[in-house]
Amino acid sequence: MYLDFTTNLGLSSLLATVLSVLTPNKQASVVHQPVLPPSYPLAVRSPYLSTWVPSNQVGRLPEAEPQFWTGQNLTWSIMARVDGQAYSLMNVKGSDKFIRPATVRSAEYTATHSLFTLTTGTVTITLDFFSPISPSDYLRQSLPFSYLTVSISGASSNNVQIYSSIDKSWTGKSESTSCSFLYANSTAMYSLRSENAIPYSEESDMATWGEAVLASQSTLNSSLSYASGERKDVQSQFAKTGKLNNANQLLTTGGIVGIAHDLGFLVNAQSVTFAVGHVREESINYLGRPYTGYYRALYPRTEQAVAHFLNDYPDALRESHALDLEMAKQAAAVAGQKYADIVTLSSRQAYAGIEITIPNDTLNTTDVLAFIKELSSDGNINTVDVIMPAFPIYYILDPNYIRLLLEPMMRYLAAGRWRQPYVIHDMGSHYPNAVGHDSQQAEPMPIEECGNLLVLVLAYVRATGDTDWASQYTELLQGYADYLVDNGINIAEQLSSNDAAGPLANETNLAIKAAVGIKAFGELTGFSEYSRVGDERAELLFSRGLGVDAQKTHFALQYPGKPASWKIPYNLYPDVLLDLRTFPKAAYDMGNTFFESVRAEYGVPLDDRQDWAKSDWNMWLAGTLDSTTRDEFVDDLWKYMTNGKHHWPFSDRYIATSAKGGRSGVPVLCRARPTVGGHFALLALQGPRCLQQAVYRRLGVVEEESEYDEMSLSSEL
């Protein structure tokens, strides 16, 4: 069953109402829909706006502490006051006679929403944390804010007020934080900023420049009040009076900023919406030139952008409902409900690593570039082997993102600033500094990145029909195809994308990538010689036995002489997705039997040396196998995701087997990485833009008019 979003409340409020009648005086068990995830995304929109609540805190949500993706606690408090009694809904500790904890009834997630239903007597309150995913609408997607909507139902002549507040923890540096307030055109906005901040600087992965924002608008049914000051004082104001005193005090160590809505006496269900966000005018340092959020072309001031974001809520909500329904529907049709559970949890995380930008000096909307952060490892920017595993979600929602993410690197490579004969690994050692590597010192992954680039360019062209963009780089791409021809069989010791596994010489999976990459270039350009070489390399690796064991039961980890070794050959997936037919059907069929033999408690590890698996690569591999084996991979990932052993934002690397002494079913190092876009590999096999087109149909958008390109907005400016 899937939710009918005819209201903001969904199934959970109905369920909570039933539970409140059955167990009015004691805490009920929290019902999780569709399943219990490791962590719930709250405000998840960019590398610097990524707020979560661990699932083991949901049962005590009234005092739970939301967290930045890396685990730092963030103060984000929510209260309701019903008939003079204040209730904590989230992150209000030390409750006393003035503030009681509400009872948590249910929690659910969709592709774009996390909803928590609580009760206070006969009144049901739903917290809807909504982070839009609107990739084709660069304006909406680039706005660095997320919604919190608090909805009240079951009230019958109850007097209700709603409150939310944040503090300096959102700025990355709690000391020396300044606060500003603006009220205009019914919108109240607080801005928190670290003083003397250095542009493009981080602390524990949080941006220390820019401003954290809390905002809301008064409505026909509510009046606003606001205050800043000591946390206990501001919260006490609301608890005792139902409003704030509209006074702003200097923020000290325990200071907060808060906004309250007075809804008065309710007869029917009502809701109020807040915005939280993190704004940086100079967002990205691209080769020494500041790039900024795309939205600033129309809304250059933060208060303008916030007002637009709040006014856009009805349209953004409507689109989100269409996306939520279509994603769940298509995923379940492809590989069952468990697969739908996986991809809907992955979607916000996949896009939250990306920012859509334009030049800060010109605000030119015809010069759009996208930047992605390699979260949870070394923080590189526009890492090619992060774009590669993530691209299936772009392929089905808006393939233009493949071009937008590659273009910063392509310009740099075409300018000749990178002089190595292979593709650069990333566009900068640490986000948000996309400054290249003029020193020629970058993590070397020659075969990996050359193969990735050629596949990604072909995927973009196949999905969009845009041959002009690729053709301007044909000479550059041919050089990388030639590198694969020259180096793709006798492979020097080097890293693959899984650098934690260490370097290898003659790694079969890299040789597969080289063969597919060469074939991709041949198909892209029509240069048949490259297609022939790609096919010959595949014949050598499989038919002539270089990369397999003697019985051809599996691809070896290395060749020659190590036939018993193995690694999951996920680099076969682009061959299937793009119908290149580089490898014969028999090369895929052998995996259907072999991977059953090495399957562990939580699936198949990366290779025979490791006890850990990569969820993105396992879904890629699943896309090359028959439906029975594919479903086993889905089952294993779902089992890991729902086992309750961990509470991080979805980790794509985890212990799959206890055979080597580790604790199976727990994550390893990686949190919140956008590489979970690879979970959409099975959906991508339905064809490019399959999900995008379905959403358009549900919204009644004529497809020829639906492409939200930079030129359409430029004409409005």
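Seven cavities of 30 Å³ or more turn up in this structure, which is a predicted model. The idea behind the search is simple: rolling a probe the size of a water molecule over the atoms shows where empty space is left. The largest cavity has a volume of about 140 Å³. Its lining is made of 17 residues, and those closest to its centre are Ser-46, Ser-142, Pro-144, Glu-355 and Ile-356. Several elements give two or more residues to this lining, namely the strands β2 (39-46), β21 (270-279), β23 (289-293) and β24 (354-359), along with the helix α2 (138-142). Which of them gives the most? That is β24, with four residues. Sorted by class, the lining of the largest cavity holds eight polar, six nonpolar and three charged residues.

Next come the helix pairs, starting with α5 and α6. Helix α5 covers residues 313-335 and helix α6 covers residues 337-351; their axes come within 7 Å and cross at roughly 140 degrees. Are they oblique or roughly antiparallel? Only angles over 145 degrees count as roughly antiparallel, so α5 and α6 are oblique to each other. The crossing of α5 with α6 is right-handed. On the α5 side, the residues that meet α6 are Met-327, Ala-328, Ala-331, Ala-332, Val-334 and Ala-335. Facing them in α6 are Gln-337, Tyr-339, Ala-340, Val-343, Thr-344 and Ser-347. This contact between α5 and α6 has nine nonpolar and three polar residues, with no charged ones.

Helices α9 (residues 446-464) and α11 (residues 474-487) make another pair, with axes that come within 10 Å and cross at roughly 135 degrees. These two helices are therefore oblique to each other as well, and their crossing is left-handed. From α9, the contact takes in Pro-446, Ile-447, Cys-450, Gly-451, Leu-453, Leu-454 and Val-457. The partners from α11 are Leu-477, Tyr-480, Ala-481, Tyr-483, Leu-484 and Asn-487. Eleven residues in the contact of α9 with α11 are nonpolar, two are polar and none is charged.

A further pair links helix α7 (residues 384-397) with helix α16 (residues 615-622). Their axes lie 10 Å apart, and the helices pack at an angle of about 55 degrees. This angle makes α7 and α16 oblique to each other, too, and α7 passes α16 in a left-handed crossing. Met-388, Pro-389, Phe-391 and Pro-392 of α7 touch Asp-616, Trp-617 and Trp-620 of α16. By class, that contact between α7 and α16 comes to six nonpolar residues, one charged and no polar.

Finally, the backbone has a few spots worth a look. Most residues other than glycine have a negative phi, and most peptide bonds are trans. Pro-432 belongs to the loop between α8 (400-414) and β26 (433-434). Ser-186, though not a glycine, has a positive phi of about 70 degrees. This serine, Ser-186, sits in the loop between β13 (177-184) and β14 (187-194).

Conventions: Residues numbered from 1 in each chain as written. Predicted model: local features only at pLDDT ≥ 70, side-chain atom pairs only at ≥ 80, totals over all residues. Heavy atoms only, no water. 1 Å grid on protein atoms, 1.4 Å probe; cavity = no way out; pocket = protein on both sides within 12 Å on 5 of 7 lines; lining within 4 Å. Points joined across faces, edges and corners; volume = space filled by probe spheres on them. Nonpolar A, V, L, I, M, F, W, Y, C, P; charged D, E, K, R; others polar. Axes fitted to C-alpha atoms, helices over the stretch in contact; angles between N-to-C directions. Parallel < 35°, antiparallel > 145°, perpendicular 65-115°, else oblique. Left-handed = near helix turned anticlockwise from the far one by under 90°. Contact = heavy atoms within 4.5 Å.
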